Amino acid sequence: MKVEKNNVIALTYSLRIPDTDGETDVVEVVTEEDPMYFIQGISGLPEGFENQIEGLFAGDIFEFTVAPEEGYGEFDEEAIVELPKAVFQMEDVNQEELLQIGNIIPMTNEDGERMHGQVIEIKDDVVVMNFNHPLAGKEMHFKGQIISIRPATAEEISHGHVHGAGGVHHH
């Protein structure tokens with residue numbers, strides 16, 4: 001079998017991204033003890049990643065770079081927003097602890113879509129949040145190996161995620 005739409009893929013990888021000096025830093029490692037499982041074609045992974053592994057077989061080793069436009073998009077200056085501190089006043093939440101530089105805070109926009117923002121600056125009465133994906137604007141270097149491939153079940157395809165080993169367990 002090979003990597004193609006509606007097959008469940010298990011793979012390992014390391015992800016490197018360039019830092020400010022242009023050196024590449026490893027930011028994520030998935031090992032054989034705990035591989036990543038997903039359904040090709042509906043993985044939620046960047047299109048550039050799926051395209052690169054399409055057609056590979058179990059045991060194949062891959063190494064490729066995904067450009068920002070095929071990954072998480074370019075860095076968007078408009079995704080940096082100032083929000084009034086009052087937005088972060090909630091019961092049972094210590095605002096001092098919540099509003100620390102670097103904290104990632106799950107939020108909901110006007111349309112009810114969930115998004116994650118990172119606190120990048122705190123001013124007197126506003127908080128500056130960055131809603132870009134942490135990998136936006138980054139070139140991603142993947143290196144890894146396809147561990148196993150099997151057809152997804154009809155139920156997995158309709159749910160959009162893997163069940164059983166490495167997947168979501170419904171109770």
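## Aromatic cluster

Y13, F38, F49, F62, F64 and F142 are linked into a cluster by ring pairs, where the rings of Phe, Tyr and Trp (its six-membered ring) pair if their centres lie within 6.5 Å, and planes under 30 degrees apart count as stacked, over 60 as edge-to-face and the rest as tilted. This is a predicted model, in which local features need pLDDT of at least 70 and side-chain atom pairs count only at pLDDT 80 or more, while totals for chains, interfaces and linings use all residues. Residues are numbered from 1 along each chain as its sequence is written, and side-chain values use heavy atoms, with hydrogens and water left out.

A search of the whole structure finds eight aromatic pairs. Y13 and F49 are both buried, that is, under 20% relative accessible area with a 1.4 Å probe and protein chains only, whereas exposed means over 50% and partly exposed lies in between.

## Four-stranded sheet

Four strands form an open sheet with antiparallel pairing in the order β5-β8-β7-β6, where two strands pair if DSSP finds at least two bridges between them. The edge strands, β5 (80-84) and β6 (104-108), each pair on one side only.

Within this sheet, strand β7 (residues 114-122) runs antiparallel to strand β8 (residues 126-130) and is joined to it by four bridges. Q118 stands opposite N130 in β8.

Definitions and conventions
Helix = DSSP H or I, 4+ residues; strand = E, 2+ residues; numbered from the N terminus.
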